[in-house]
Each structure stands twice: as C-alpha cells, then as structure tokens.
Amino acid sequence: MTVHTASTDAPVLPEVRQRRPRRRADSSRHSVTGWLFVAPFAVVFLSLLVAPLLYALYLSMFQKSMIGGTRFVLFGNYLKAFSDPSFLSGVWFVILFSLVLIPLQMIVSLAVALILDQVTTWFSRFSRLMIFLPYAIPAVIGALMWGFLYSKNFGPLAEIFGMFGQTAPDFLSKNLIFFGLLNIVTWQWAGYYMIIIYAALQGIDPSLYEAARIDGASQWQITLRIKVPLITSALVLILVFALIGTLQFFNEPQILRYLAAGTIGPDFTPNMYAYQQAFALANYNYGSAISFALGAVVFICVYIFMFVTRKRGSFL
Amino acid sequence: MSAATMAGPARRARRKQYLPLQVLLGFLVVYFLIPFWWVFVNSSKDAAGLFGGGSALWFADDVDYVGNFIQLFTFDGGIYGRWLLNSALYAVVGGVGATLLAVSAGYGFAKFRFAGRRFSFAVLLGSVMVPATALVIPTFVMFSQLGITNTIWAVILPTLLNPFGVYLMNIYARDAVPDELLDAARVDGAGEFRAFVQIAVPLMRPAIVTVLLLSVVASWNNYFLPLAMLSDNRLFPVTVGIGLWQGIASANNAGGTSLWSIIILGSLVSVIPLVIAFLTLQRYWQGGLAIGSLK
C-alpha cells in the first residue's frame, strides 16, 4: 500500500527492507492522524479520569481540623481509614457480598444461557428478553421495587406466607438484609450476563457439536466439555465486571436505607461511607482517602483475580 | 431456529424432552417479572388501596391510573415531568458524546500506528478497572472550584468518559474495517476524515449502536453522580428525584402516605422509555453485547 513512500526512504540493507520499511513509513505518515482520532477522548480521559484520580490522591494527604486548619499528613488518612471500624466493616461487607453474589450470579446466568442455547422455541426467545429486562431498570428503581415487595406495609410476602400459616421473613431486617440485597442485585444483573454468555455460545461453531455427537458424547458432555470451556473469556469478562460493580456497591443500600430504617447505617458500604464523609460532613479529604483506598482495593482484587485466572488471549 | 428445520418426529421428540426446561424458564420469567407486575398493579391504587390490606399482587376495587397520572405530573408544580426531561437530556447528550469519542478513539487505536499507542492503550485498559464512583468526590471538588457543580455540565461531562466503549470500538474496528478498503479510499484521494466517516463508520454500525445504548443506559440509570453533584431539585434526573420522594415519604410515615402512590407510578413511568428502547432495538444489541467477550 505504501510502495512509493517505502522507496523514498529506502534503507541500505535490502533484506530488511522487505519487511520493515513498510511499517516505518506507515507509522510516520499516520502518526499525527492516529493521534487526532484519539485526541478528543484523550482530553476527556486526562481531565475527567487522570486529573480527578491524582487530585483525590492529593486531597487524601491532608487533614482538616477545627483548630489546626488544613495540614499535610501524607498517608495519615489511609492509616486512619485502615483502622477505622466503619470503613473496615464496609470493606468486609462488600468482599463477603461479592464472594456470595458473584458465584450465584454466574451460576444463574450460565445455566439460563445454556438452556436458552439448547431450547429454541418462541417461549425461550420470549424468556430471554424478559430475563434481560431488569438490566434496563435503574438500580434505584429496581431497589425501590423490591423494597416495596419486601415491605410489611404493602408487600405480598405476608400474604403469600400467610396462606401457609407462616410469618413472612423480613428481608429488610438486620439478619436478612444481606439476602434481600443479594436477590435485588442478582435480579438486576443476571439477565445482562446471561445475554453476554448466550451471545458467546451462539458464536461457537455447531460442527463441533456434530463431531462430538459422532464420537458418542452425551448432551451433558457437550455442555460441560465443549460449550463451557469455549466461553471462558466471556465468563472472565463478566466476573471482572461483577467484581468491580459489587465492590462499589452504593445505589441499592442507599435507597433501601429509608425503607429499612435502622438496618442500613451510613457506613454500610465503603462508598456510602465516603459519600457520607464528603457530602454530609464536608470532610472531602477523608472522603477522598476512602474513595482512593476503595479504588485501590478494587484494583488489587481485580488484579489478583486476573492473575489467578490468567488465560492467553482473554480480556486484558 | 434449528428445531424448525428438523424433520417432524425428531422435532416433536426434542420438544417433549425440553418440556421441563421450558417449565423452569416459565418460573424464571415469573420471578423476573414480579416486580414489574407489582408496580403495574399498585400504581393504579390510591393510598387507601395501598394500605387498606387488599391483595398486594392484584388490583383494588378502584382502579385509578388517570387520577394517579394527573397527580404525578402536577405534584409540586409538575416537577416529575422536568425530571424525566432532565434524564433524557443527560442520557442523550452524555450518551451521544461518549459514543462519538469512543468511536473516534477506538478507530484511531485500531487503524493507526503512532508514538505512544501501545502505552496509551495499556493505560486505557487499566482504567476500565478504576471504579467510576471513586472519581465522584474529587470530580465534585474540582467542579466546585470551577463553579460548575449544580449545573447540567456537572452531570454531562463525567458521563462522556467511557473507556470500555473505546475498548469495544477498538476490537470491533480491527476486524470490521479492512485496511485494504481504507487504502483504496486514500488512493482515490479521500482524506483521512472522509475515509473514517464514509467507510469506517458505516461498517462499525452494530458496535456503535451497542456502545450508544450502553452509554445511554448508564447515564439514564446513574444515581451516585447526580446525587453528589446537584442540589437544585429542578436539575435532578428522575432517579435522584424519586429517591428524594421516597426519602420524604419514608421519613414521615403517616403524612407521606399520599406520596407513595405517585412514587410507585413514577417508578413505572421512569422505566418505560428504556424498556421500549431495548425491545425495539433488540436486533442491534443482542449481537453487539457479545463484542467484548468473543475476543
């Protein structure tokens, strides 16, 4: 494609010329153009991601007090955060929550996707759409809807359990809120993950199944030995997203706070705690430190995860 | 699809075999739709119907959608309609902006070699892992120094950032836009910008629709960012607005009862636009959502 440019700056070595000069010439010609296409995004990236991150780091190194004014404390806020029971209990909660939620979500979405890949009727197509639908619902509204369903005042649980002479579980109580939230988040995201897995399954070459069947593989073997291994990269992608999302848990507990008075405190998750520090107490320095520490926790968790599941050619 | 092309008896056999699976799917559909059903039924009730002890999953004697609608859109000077428009504005401007940036950058990364390309792309991939909420507090402080908190820009500008969109566009453009075609255009004298707009963009359309849809949804559903940035309730998007009402209604249990019926109808109305968008754009997103996972 760039024969003429290649010959203008023809290097001395003829063998090398065969391979290298094409790219060289190419790169010098395209260098500026490539940057021009990337530049608008780069500006946004630098000003709204890099700058705030650095700024958060900067803010987090100061402490504001009534008497002393603002003073530089380097990592003082981080030392404070990692010995602050409110922050630690929040971190512990989101980690525990992820450990239960993510496998559950994965199993549900993988199972549904496998069923939908197998059963091809109008009803399965309809189900696919309906199961996906909660993804289109704002987390706030989803939490609110389930909050209504859990509610003692106007939820159906009392009614349903009453039919069997049982008292309804209160998912907004301290003991069960974990499961109440687990249900909401699974409901909200399982369909989205299912669609990603389903699309990956649809991308598998069907002749593989034929070959396996001729070799005498059962449907189960085809599912477990062919389908699942071939969609590993989709599963890894989903896991990473679920992990990032869950560690930043904010919307659902924030909304349920009002409905479940007393169950969910302002330090329920690290993000809620950071929000409270920054916007209710105007302590931006400590709020930034918590945000940044949480960001670091997310980054480390994802990295550990990527390291454990490292697979050639997968996402990242 | 494949069932339809099969021979009659085999097809019937498969159908039967899958009956248990279909029943299972039926249960799942009920589970996933129950909250919608609850909201649909209960937005027809007034306070008496809601708290009167009737069935929570069926209509009360007095079905009054119209009355609740009027109340919803006239309460507090019709603020709910404003919230809907705000949500639409943030979602459209933010979503379209984010998509334009992602398409251009994804194409740039995919089709050009330039100094610092590898490094920038590595940084970009790393940034996908930065939790969006970690940026809200420092961005708020930055914006307040610039004096743009509590304006529409405080919500729209951060929405423009979508590193994952760039990643998706890059993957898609790499395969969907052949270099030969671009070279042919260049030989024919088309400038780089024209080659991009007239050749690359049409080829990237499925990925563009997907990124657009994802950005619009993310923006429409956003809560933390506008909650932090905005204090004037006339600028709220519908998520923050309903959250506000819900807080008020929960706080004064008895006095807030009349608010509940408009909160419920308000929730229903707020989900309609995206549900319609997803149902009508099915053919685009169903394939598009897989882009990131097939690689």
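A nonpolar core is a set of buried Ala, Val, Leu, Ile, Met, Phe, Trp, Tyr and Cys residues joined through C-beta atoms within 7 Å. In this predicted model, the largest such core has 170 residues. Met194(A), Ile197(A) and Met169(B) have the most contacts inside this core. The element that gives the most to the core is helix H8 of chain A, residues 177-202, with 16 residues. Domain 1 (3-52) and domain 2 (78-308) of chain A each supply at least three residues to the core.

Chain A itself is divided into domain 1, residues 3-52, and domain 2, residues 78-308. Taken over C-alpha atoms, the centres of domain 1 and domain 2 of chain A are separated by 42 Å. Gly76(A) belongs to helix H3 of chain A, which covers residues 76-81. Gly76(A) has 17 other C-beta atoms within 10 Å; a residue needs 20 or more to be buried, and 12 or fewer to be exposed, so Gly76(A) counts as partly exposed. Between Gly76(A) and Ala190(A) there are 114 residues of separation in sequence and 40 Å in space, C-alpha to C-alpha.

Next comes chain B. Chain B has 16 helices and zero strands. Of the 295 residues in chain B, 44% are buried. Among contacts in chain B between residues at least 6 apart in sequence, 74% join residues at least 24 apart.

Where the two chains meet, 79 residues of chain B are in contact with 86 residues of chain A. On the chain B side, helix H2 (residues 19-42) gives the most, with 11 residues. The residues on that side of chain B comprise 52 nonpolar, 22 polar and five charged.

Helix H2 of chain B can be checked for its length. The 24 residues of H2(B), at 1.5 Å a residue, should span 34 Å, and the end C-alpha atoms are 33 Å apart, so the two values agree. H2(B) also has a kink of about 45° at Leu33(B), shortly before the proline Pro35(B). Pro35(B) is one of the buried residues of H2(B).

Technical notes
Residues numbered from 1 in each chain as written. Chains lettered and ligands numbered in written order. Predicted model: local features only at pLDDT ≥ 70, side-chain atom pairs only at ≥ 80, totals over all residues. Helix = DSSP H or I, 4+ residues; strand = E, 2+ residues; numbered from the N terminus. Domains from an automatic or database assignment. Contact = placed C-beta atoms within 7 Å. Nonpolar A, V, L, I, M, F, W, Y, C, P; charged D, E, K, R; others polar. Expected span 1.5 Å × (residues − 1). Bend = angle between axes of the 7 residues up to and from the residue.
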